Amino acid sequence: MPKDGTAIPLPKAVRVLSASQNEQEPPEARVGPVPEGDPHFHPYHHPAAGWGAAKSVTRFMTREGTLLDGPRAIMRMNHENTGFDCPGCAWPDDTKGLHLDICENGIKHVTWEMTRKRVDREFFAAHSVTELSGWSDFDLENQGRLTEPMVYDPDTDHYVPISWKHAFELVGRTLRELDSPHRASYYTSGRLGNEATFLYQLMARELGTNNLPDCSNMCHEASGRALTASLGTGKGTVDLKDWEATDALFILGVNAASNAPRMLTALAEAYHRGAQVVHINPLVEAAATRAIIPHDFTDMATFRSTRTSTLNLQPRIGGDMALVRGMAKAVLEQSATDPKALDQEFIDRHTSGFEEYRAVCEATPWEEIERQSGLGRDDILKVARVYREADRSIVSWCLGISQHEHGVDTVREIVNLLLLRGNLGREGAGPSPVRGHSNVQGNRTCGIDHRPADEFLERLAEVCDIRPPREHGLDTVGTIRAMHRGDVKVFIGMGGNFALAAPDTPYTFAALRKCDLTVQVSTKLNRSHLVHGRRALILPCLGRTEKDHQRKGIQSTSVEDSMSMVHLSIGMKRPASPHLLSEPAIIAGMARAALPDSATPWESYIEDYDRIRDTMAQVLDGFEDFNRRVRLPLGFRIKQPARELVFRTPSGRAEFSAAVLPDVVPAPGTLALGTMRSHDQWNTTIYSDNDRYRGIKNLRTLVFMNKDDMRERGLSEFDPVDITSTAKDGSNRHLNGFLAIPYDIPRGCAAGYMPEMNVLCALCDYSAQSDQPLMKHVKVTITRAA
């Protein structure tokens, strides 16, 4: 066992499911590290970032042994075309040349990658897969960087070394022997660079399938579909300069202080210049109060904080659509006496469906809006007045909006609100989804899409001389189901930790174990390496911080941020092992082995990534003259037709939607539970059992509850509880022995951490609108533990 912790079984809990699924139990292992002491909860009332972040980063770098390399890396992170892009969130780089455009979680993410610890062949020889399956997920990743390719040996239950040549041959032979190309599925996490992304989708399509699930299927799929339906583009229309010019910011379902900490700078600056900053979230997160920006040395020296909001509203989980409908209804009612409340000229010239939308707003009673939103009419009118009095408004949102049954309708309702006052196509106005991972938006732009557009496939066929399939492929939910049925035999994961990130953990585990071959391209050991198929490969890759040496010299890759800026990333550190390959090189190696007669110049592409970009420039709309433009200061912004009021919709106009409000009020005795990250966490990577901004220490197996809901159930702080979710098909899933924490959250709502609570998220519970798992709106009952 690792020296810094022992494997402690999770509370029974994670192992108890519906009777039909008991044989699919995940291993008895913790997710986080061994707690350093007793659980502790004390509400957090301090500014976000500031000295708390600085202290946390220093402790973290000390633990990882990177006190020398860490600061050097920090000075190279997020610098225009001379450094590496932060592998954390997708917030845009500073437009003013700031040399410390960094954050606490970004530094932790980089330090975690730069650790001096190594997982080599001796490690795997000493520990069987069965043994490692009992380790915590923290301890698995905490062993350090993977150093060479490994293959699973079922006779010994150990991973053993394999050469790159033989690893590629195994992948290629297995793919060639499939009776259908649709028997394989190719997953992508948000860490993959654009060049690797393009090669990955090219390989899959040349092999004959559009089975290209990605992490977007679990996070912002609803946003893309909604924006495409409303505006003809799947992305937001604003950039960072718009954030700097707007009169009002509305932030919905976003925990910025943890998930996009560099946003704090924009929020503080907005408050300083007098803009209205409204946060709408069931929990009042730290970013919605005040902050000390670490690169503001005067504020750091004087402990002076800046407010980051002018108004906070706490709708019930799932109640955001009703709130936005109420704001629109108030604006429309005001227009009866004040014609300036609407931008009628914009509506007449650029939109379609306005009268239908006006009618549905008029037909929606205020009583129903209050009931569904969980907010009083006075609060709704207050936020509506902020919107109406602002000349330019931006609405920004994240997974708190998209991971719902009605996520598409909610995002379309946001667009409806913006259209009413012409908040589109002008400076300081528009929709602004916040993507969570550094290049998740670039993945979709560069071809990772199980439902590709015909125009894209036609250009790909013409430029790359292949015959891509036209039928839609499998997304994440579809892939898990197909693996479980035995229809998908090969699963290849480019980055991430699919086994833990996906919903319905035991079902997903069982699905992966039914594969003939699972391939994980990774930097560190994680749960997905232990939940594997009959044959399994671990293929270690370079990290974002490391130099990528190829025949034509050190290579750069490109990434796209959440506001459509594309820029270069260049590693600065010697690779953790001489046996690591870059992600493009690994993809090309698999492709050549699987497609030995392919005319695609795989080897030439890897010699010089400029050659990949030259091909991308011919295939991808908006990437013309790619190699020159990506080397400009800050790179370039992909053109957004809707930003120019060009709408690629059937009507050629921006489309109002007129959906009926969904019923999101929990049934008596039940609660709506949302899963979320802790602060000291990035996706499935857990840095500690602490959540500083929510006042939690030494605890992850918890559930946040409204104090009145706790009192109704006879619960006190830290009482153990049993949590049962009920899926659409009537099946139940259970977590036992979690601890109840009283928190400022609306009645009828609860929250807890993923991935521990992914067990409660049934695979059959996904949105009919977006096919996303409903990870923010799980129907649960909570009772005192038996």
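Accessible areas come from the Shrake-Rupley method with a 1.4 Å probe, and for residues only the protein chains shown count as cover. On this basis the chain exposes about 27,100 Å², of which carbon and sulfur atoms supply 51%. The model is predicted: local features need pLDDT of at least 70 and side-chain atom pairs count only at pLDDT 80 or more, while totals for chains, interfaces and linings use all residues. Residues are numbered from 1 along each chain as its sequence is written, and side-chain values use heavy atoms, with hydrogens and water left out.

**Overall fold**
- The chain has 30 helices and 33 strands, taken as DSSP runs numbered from the N terminus (helices H or I, at least four residues; strands E, at least two).
- The radius of gyration, taken over C-alpha atoms, is 25 Å, close to the 28 Å of the globule rule for 786 residues, so the chain is as compact as a globular protein of that length; the rule is 2.2 Å times the number of residues to the power 0.38.
- Of the 786 residues, 67% are buried (under 20% relative accessible area, 1.4 Å probe, protein chains only).
- Among contacts (heavy atoms within 4.5 Å) between residues at least 6 apart in sequence, 79% join residues at least 24 apart.

**Strands β21 and β22**
- Strand β21 (residues 557-560) is covered on both faces, with T557 and V559 buried on one side and S558 and E560 buried on the other.
- β21 pairs with β22 (residues 565-569) in the antiparallel sense over four bridges, where pairing requires at least two DSSP bridges.

Definitions and conventions. Buried means under 20% relative accessible area, exposed over 50%, partly exposed in between (1.4 Å probe, protein chains only).
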